[in-house]
Amino acid sequence: MLQTPLRTLSRHLPSTDVEGVARQLAAVMREISTSPDQQPQEAHALARASVLNLVVYTQDLDAAQRGAETIGALAGLHPSRSLVVVAEPAAPQPDLEATVTVRCQLHPSGGELLCQEEALLTARGAVAQHLGSVAVPLLIPDLPVYLWWVGPPPPQEEELLWVCHRLIVDSALFPDPLAQLGELHRLTAVLASRQRAIAFSDFTWARLTPWRELIAQFFDGPETLPYLATLRQVRIECAVDPGGTALTAQPLLLASWLAARLGWRPRGIEALADAREHLLTFDCGERQAEVRVAPRMRIGETGASGEVRAVELVAGEGDREGRFTVARTPDGEHATTRARLAGAWEVTRTVPMERASLVDLLRGELAILRHDRVFEQSLAVTARLLP
Amino acid sequence: MTQARTTPSVEEQAINPLREGLRLERTAPPCAMVIFGGGGDLAKRKLMPALYQLALNRLLPAEFTVLGFARSPLSDEEFRRTMRAAVGEFSRTQPLREPVWDSFSQGLFYLSGNLDDPQAYQRIAARLDELDRTRGTCGNRLFYLATPPSAFPVIVQRLGEAGLTQGPQPQSWVRIVIEKPFGRDLKTAIELNHTVRSVFQERQVYRIDHYLGKETVQNLLAFRFSNGLWEPVWNRQYIDHVQITVAESVGIENRASYYEEAGALRDMVQSHMFQLLALVAMEPPVSFEADTVRDEKVKVLRAIRPIPEDRFHDFTVRGQYGAGWIGGREAPAYRDEPGVARDSPRETYAALKLFIDNWRWADTPFYLRHGKRLPKRVTEVAIQFKRAPHLLFAESGGEQLEPNLLLVRIQPDEGISLRFAAKVPGPTMHLRSVHMDFLYGSAFLVDAPDAYERLLLDCMLGDATLFTRNDEAEQAWAYVTRLLEGWERATPDFPNYEAGAWGPEEADRFLERDGRRWRVP
Ligand SMILES: NC(=O)c1ccc[n+]([C@@H]2O[C@H](COP(=O)([O-])OP(=O)(O)OC[C@H]3O[C@@H](n4cnc5c(N)ncnc54)[C@H](OP(=O)(O)O)[C@@H]3O)[C@@H](O)[C@H]2O)c1
């Protein structure tokens, strides 16, 4: 489905201002839509079918390149205008450099030209501190603005937070996930208190979606649902490189999600044995529940370090015990699930569970705009894990 | 739109707290699906591929179980092998994923027997109880009638006699899906409803019309009722007329025995086209729930003005194709298709003019047409607006301008297109009609699910919004039956259109008399 663009046109503006960028975008759009091989058979209005604005923020040129490629792969899927901002706040002179690109492709059914407009902006010096003023004139009005923030969570005073409707981060890139997920939680609170209703999302949270779905699915039936009330032990296995820790953003968020949904209150977090295993403990009414995060050496396996590999939930005891497991298969493309109710039945199955590529993840995030309250509530639990 | 539809049915009770906020809000609860006619064409082409696709998309629970029932003596293993071959051939995602199929097929079972044998239903009941114990299907049952329609009444009766209409546990549900055709005229439809209702409650009954499962048909509702722009002009003041076209380029494809009995009116108009008509013309429902939506739809069907006995000619055209050419291929006449009578009076084309007698639509004609062997396959609803009341630009091309047209294309290339006038750039006031197209595929490029996937899932979730209610079926039949009876009183002069033409010439004159023209889609 991701075809290569039919036509791409680019212009480089070594040193410019916002108006210059806007003028170039319009000029390139005009040029590309009237080039000679685009013969309008019928007078079809060139509808710019844009559905959103996307702003990517990074301080790293490589990341900007990757971001631009990811967006490029979405050409035709999400007609949009995007600004990829490389911030160089430490540069001595304020300056704005831009490359403007328009990629168009013919809609599969012919006739219509779908275009994606992109400006790669390098903002130097003081310009990097006032990105709101750069972005606003370049955004298509009335369409939602997604801010994809590459790196640790943005500071509370970042101007771009004032223009966006949805903030997308990737907590897998947080060097200290426990602390920085807490920071992200505080940012949600600050923005809410300033009446900024920004929706938050996280690629790493999105990577957990199939895990959450498969875990939730165990308890959809009336026979299994009661086991949630006696859930007492969870074990999350996480892929690590030799010497790494298993306490990455993925297991933290997964455990926090379970706790948030089941009303467990965090008690604390404890490093076990050689400090590579961790025990998260929770109060749930009279009972206690624990989540053990354990490493699994990543030797000759596919997939990234820090990724959840298997989850086991144990509820009840003796002839009322229920064991529910989800595990990624070694081929990396499937998951097997097993539900075993002592004294009753056991069912296993295999379902597809591909790793989502960055393109898939971005596409997924861009498809929604509403707040993910469950994510925000899970973040709040993570924030309370740290004493 | 899907978010608005998650209202849990009365039958759903305890809520799984882990479900909240998941993007897959709609996955099915554990249940066993009994397919009567489990080895038939529908099961192979549509049901099993749809179920496999639901499994691939993780929309089915691990406990999900199928029990196929038909005459042929097959073991569970043989049934699985047959179904594997069918899914391998008909699934919309290829190739088949072995590990997923292997695990999914562990939940497929088969029982052989005769549909009218009461003993067989005892065996079904015993097998279902066993599956509850071994696979956790929780007493939830979905009976799917995929047999020849003549068997529907007996299956329903036998299910009742065997006590299979209630689940074994207080919280378990039992539902029945009835394939189309639902009756062959008003009388048989009423009889079938009567039989069904003597055994099941209406809320357990899901009459399938797969058109309603199509994504774009549902989009019609979203388009009408979630945009403030259209509703104010969606009435007789602004709309000149509406054309609904369901054109097929294929002929009857080895289904002669069925088609000789049915014909265009029964096959397409009574079911699918009246459903489209109802969605286009209905009043906004108070909520998006099964009964509120269907209440409004049935009001439309009830408001269709009956055709006076002696004026069938003014309101209907029927046709049958003769030999001709389609897409560079020669096509035989209907009467030369294998299995068709040489003097068959069966219509393969039908056009109707309808009026909906209510405040919104009084005197606004709705033209419906459907035919086989038309030049191309297309389903669309065209809303033709009235001309602007006063033409300012008459000398500058204004008088040839077409009035505004809103086109809702259902297939292929689902989308919406609006025709309006615009100024040709330059110093003079030259006008031209332009189209503004919105293609669903370009704004949201996700694979649309097949209609059966959507409908099976809805049924497992207890959402009957996209299924036909008893009164809808009867209203539609009431109208169509009168027409059929009128037609039967005269012998038609068939064939009257060539394969590859847009229907009989009479159909063109039919609109010309009203000063209108059929669109060429
Ligand atoms: N096929 C389609 O694409 C399609 C589309 C729309 C609607 N439908 C509707 O779906 C229904 C099924 O159509 P179909 O094309 O699948 O028909 P089919 O291929 O003829 O299949 C009929 C099935 O019913 C079984 N059966 C018939 N009489 C039986 C009896 N007395 N006892 C037990 N089993 C019996 C047959 O079993 P054995 O083969 O073992 O004898 C077979 O599995 C019909 O109502 C049709 O109108 C079909």
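In this predicted model, the axes of helix α4 (residues 177-193) of chain A and helix α9 (residues 373-385) of chain A come within 8 Å and cross at roughly 130 degrees, the axes being lines fitted to C-alpha atoms over the stretch in contact, with angles from 0 to 180 degrees between N-to-C directions. Therefore α4(A) is oblique to α9(A) (angles under 35 degrees count as roughly parallel, over 145 as roughly antiparallel, 65 to 115 as roughly perpendicular and the rest as oblique).

The contact involves B:V217, B:L220, B:L221 and B:R224 of α7(B) together with B:L276, B:L279, B:V280 and B:A281 of α9(B), of which seven are nonpolar, none polar and one charged.

Chain A is divided into domain 1 (7-204) and domain 2 (206-352), and the C-alpha centres of these domains lie 37 Å apart. Nine residues from domain 1 and 10 residues from domain 2 take part in their contact.

Residues are numbered from 1 along each chain as its sequence is written, and chains are lettered from A in the order in which they are written. Local features need pLDDT of at least 70 and side-chain atom pairs count only at pLDDT 80 or more, whereas totals for chains, interfaces and linings use all residues, and side-chain values use heavy atoms, with hydrogens and water left out.

Conventions
Helices (H or I, at least four residues) and strands (E, at least two) are DSSP runs, numbered from the N terminus. Domain bounds come from an automatic or database domain assignment. Contact means heavy atoms within 4.5 Å. Ala, Val, Leu, Ile, Met, Phe, Trp, Tyr, Cys and Pro count as nonpolar, Asp, Glu, Lys and Arg as charged, and the others, Gly among them, as polar.
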